[in-house]
Amino acid sequence: MIVENKLIILSLIALFLAQFLKIPFGYIVTKKIDFNRLFETGGMPSSHSAFIVSLTVGIGRTSGFESPIFALSFVFASIVMYDAMGIRRAAGEHAKLLNLILSTDNKFKFDHTKLKELLGHTPFEVLGGILLGIIVGCFFPL
């Protein structure tokens, strides 16, 4: 049963902990407590990184760091983190620019909803997620 799979529980703990930590980290930056950060992407630490790295560490602990499944998880984790810093971050930057263009007085009169800007992560935010994932992955009892 899925709820009995300790690797899934381990990963979900890392994910929820990362999302929760976005509130105090956001407060440090904005001086505002924003509980909506619990449900948003982007920000410090990267929950995607914490999620996949904790799983990778857990797989290494249970199956061995030389196992093929650890190798698969490691490669998959690398792709997830690269994507978070690259494509998703670029999409967020594009959204910022489009929101700016559409918010200024121009000849285009679009009826649009503001695009979501906080999509990806900086390398520092991904590093925060990696560290959190390693910590949770190492200390969660398997």
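Start by selecting K31, which sits in the loop between α1 and α2; helices here are DSSP runs of H or I with at least four residues, numbered from the N terminus. Check the backbone: K31 has a positive phi of about 60 degrees, though it isn't a glycine. Most residues other than glycine have a negative phi. K31 is also exposed, with a relative accessible area of 58% (buried is under 20%, exposed over 50%, partly exposed in between, using a 1.4 Å probe and protein chains only).

Before you go on, a word on the model: it is predicted, so local features need pLDDT of at least 70 and side-chain atom pairs count only at pLDDT 80 or more, while totals for chains, interfaces and linings use all residues. Residues are numbered from 1 along each chain as its sequence is written, and side-chain values use heavy atoms, with hydrogens and water left out.

A cis peptide bond joins M44 and P45, with omega at about -10 degrees. P45 belongs to the loop between α1 and α2 (47-63). Most peptide bonds are trans.

Next, the aromatics: select F65, F70 and F74, which form one aromatic cluster. The pairing rule takes rings of Phe, Tyr and Trp (its six-membered ring) with centres within 6.5 Å; planes under 30 degrees apart are stacked, over 60 edge-to-face, and the rest tilted. How many aromatic pairs does this rule count? The count comes to 2. In one, the ring centres of F65 and F70 are 5.0 Å apart and their planes stand at 75 degrees, so that pair is edge-to-face. In the other, F70 and F74 have ring centres 6.2 Å apart and planes at 40 degrees, so the pair is tilted. F70 and F74 both lie in helix α3 (residues 68-85), 4 residues apart, or about one turn of the helix. Now color by accessibility: F70 is buried at 15% relative accessible area, F65 is partly exposed at 45%, and F74 is partly exposed at 49%.

Last stop, the largest pocket, with a volume of about 300 Å³. Select F25, G26, V29, T30 and R37, the closest to its centre of the 14 lining residues. A pocket here is an open set of points on a 1 Å grid over the protein atoms alone, where a 1.4 Å probe fits, with protein on both sides within 12 Å along at least five of seven lines; lining residues have an atom within 4 Å of a point. The volume is the space filled by probe spheres set on the points, which are joined across faces, edges and corners. Show helix α1 (residues 6-30) too: it supplies the largest share of the lining, 7 residues.

Technical notes. Helix = DSSP H or I, 4+ residues; strand = E, 2+ residues; numbered from the N terminus.
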